[in-house]
Amino acid sequence: MSNAKVNQNINLNDYKGVWVIAEQREGQILNIALELLCEGRKLADKLNVELTAVLLGNDLDKVSNDLVSYGADKVLKVEHELLYTYTTDAYTKVIADIILERKPEIVLIGATTIGRDLGPRIAGRVGTGLTADCTKLEIDETDGKLLQTRPAFGGNLMATIICPKNRPQMSTVRPGVMEKAHYDKNRNGIVEAISPSLEENDIIAKVIDVVKSSKKKAGLIDANIIVSGGRGLGNKDGFELIEAFAEKLGGTVGSSRAAVDSGWIDHSHQVGQTGTTVRPTIYIACGISGAIQHLAGMSESDCIVAINKNPEAPIFNVAHYGIVGDLYEIIPAIMESIDNDTDL
Ligand code: FAD
């Protein structure tokens, strides 16, 4: 990149504080921002430094105050009409400029569509590394460096990566993996308004229109109840039963990778290491064996129910409630008992 500023021979001690780039849509903080605030808070407390949320857009007063209630010590509120709609050029320029000026030691970004676009651009611009799609972050007790863990080699092993010579240490974090920060209206913090230096000419790609996808996405990340089907369904039609069951419970349909690979359901429903990581209140695994890669995406669910005809299936090792039997007998029986239970 022609205008990249490469940090050579930098003084690591000049860099202080943990930053979270807080994504919002039309004044609503995304869940990933709350997850980053929770994780960022832990890292900042370990390092004994401030946690700062960086918020870009327009008309951000309420969101800024909410970010303080969710754990930020400071919010950098950057408002500009050219930031109302996300563009790679504008967001990269504004965030990179503030990083170069204020020198945070850690910057966390959600591994959302926008975060995956933005993270590498900012890292390139400020001349540091980026560990993408992290699932675990820790501070090295010996030297205070950020230990960034993510699946590597197609998910076959977990790699822990450090950024020893450049700053900030930057990570994108997979949505749904970390806990969300809790709202505390009594928390105090500072909201600092920043006027960015931004002009039309800074934005090479112009957004003409924003069209919402008509494709039905699974919406797993925010689901409270997930009913997932696996290869044990035996065929594509089995998902009609899973959908009916999910609908009855007010839940969302998930799946194992085997079901996706068989062409029975879209990948957006896949739960697991190479799918979506979920933390619902109730996760019901139907005809899913419980391979390690599937467990990696759902084992943090509050309550796991497994329906499997094999009593030795590993899914029963993580299930809070296990039902051994044929899902084609058990699910209709549960649905019928829900219909007959007038108290429900
Ligand atoms: P199976 O393992 O075949 O299990 C089917 C289960 O259904 C069995 O336990 C069987 O007893 C039960 N069953 C059969 N018939 C019935 C019935 N009538 N009633 C009740 N139970 C029945 N997998 C994921 O899910 N998500 C991922 O993100 C993922 N990522 C991966 C990444 C890598 C790098 C690799 C190598 C693999 C990944 N996998 C992932 C695949 C994973 O290893 C397993 O192959 C997959 O999860 C198996 O899916 P399954 O449980 O549906 O099928």
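In which strand is I282 found? I282 is found in strand β15, residues 282-286. This is a predicted model, in which local features need pLDDT of at least 70 and side-chain atom pairs count only at pLDDT 80 or more, while totals for chains, interfaces and linings use all residues. Residues are numbered from 1 along each chain as its sequence is written, and side-chain values use heavy atoms, with hydrogens and water left out. Helices (H or I, at least four residues) and strands (E, at least two) are DSSP runs numbered from the N terminus.

- Seven strands form an open sheet with parallel pairing, in the order β7-β11-β6-β1-β4-β5-β12; two strands pair if DSSP finds at least two bridges between them.
- At the edges of the sheet are β7 (130-134) and β12 (190-194), each of which pairs on one side only.
- On average, and with direction ignored, neighbouring strands of this sheet are turned by 20 degrees against each other. Axes here are lines fitted to C-alpha atoms, for helices over the stretch in contact, and angles run from 0 to 180 degrees between N-to-C directions.
- Three bridges join β1 (residues 18-22) and β6 (residues 106-110) in the parallel sense, and I106 in β6 is the bridge partner of V18.
- Helix α2 (residues 61-69) packs on the sheet, where it touches β1, β4 (51-57), β5 (74-79) and β12. The direction of α2 makes about 160 degrees with that of β5. Contact means heavy atoms within 4.5 Å.
- S64 is found in α2 and is buried, with a relative accessible area of 0%. Buried means under 20% relative accessible area, exposed over 50%, and partly exposed in between (1.4 Å probe, protein chains only).
- Not counting residues up to four places away in sequence, S64 touches L55, V75, K77 and V191.

**Nonpolar cores**

- The largest nonpolar core has 34 residues, and those with the most contacts inside it are V18, L37, L67 and L137. Such a core is a set of buried Ala, Val, Leu, Ile, Met, Phe, Trp, Tyr and Cys residues joined through side-chain atoms within 4.5 Å.
- Two or more residues of this core come from each of β1, α1 (31-47), β4, α2, β6 and β8 (136-139). Helix α1 gives the most, with nine residues.
- L67 touches A22, I29, L37, A53, L55, A72 and V75, with residues up to four places away in sequence not counted.
- A second, separate core has 27 residues, including W19, L82, I122 and A123.
- In soluble globular proteins, nonpolar side chains tend to be buried together.

**Helix α3**

- The end C-alpha atoms of α3 (residues 88-102) are 21 Å apart, in agreement with the 21 Å that its 15 residues should span at 1.5 Å a residue. The expected span is 1.5 Å times one less than the number of residues.
- Eleven of the 15 residues of α3 are buried, so the helix is mostly covered.
- Among the buried residues of α3 are T88, D89, Y91, K93, I95 and I99.
- The cover over the buried residues of α3 includes β1, β4, β5, β6, α4 (113-126) and β12.
- K103 follows α3 and has a positive phi, near 55 degrees.

**Helix α5**

- Helix α5 (residues 238-249) has twelve residues and reaches 17 Å from its first C-alpha to its last, close to the 16 Å expected.
- G238, F239, L241, I242, F245 and A246 are the buried residues of α5. They lie on the same side of α5 because they cover an arc of only 150 degrees around the axis, the arc being that of the directions from the helix axis to the C-beta atoms.
- E240 and E247 are exposed on the other side of α5.
- The buried residues of α5 are covered by elements including β13 (225-229), β14 (252-255), α6 (257-261), β15 and α9 (327-340).
- G250 follows α5, and its phi is positive, near 70 degrees.

- I282 counts as partly exposed, at 30% relative accessibility.
- I282 and I225 are 57 residues apart in sequence, with their C-alpha atoms 4.8 Å apart in space.
- Neighbours within four places in sequence aside, I282 is in contact with N224, I225, I226, C303 and V305.
- Q293 is found in helix α7 (residues 292-298) and is partly exposed, with a relative accessible area of 37%.
- Q293 is in contact with G272 and Q273, leaving aside its neighbours within four places in sequence.
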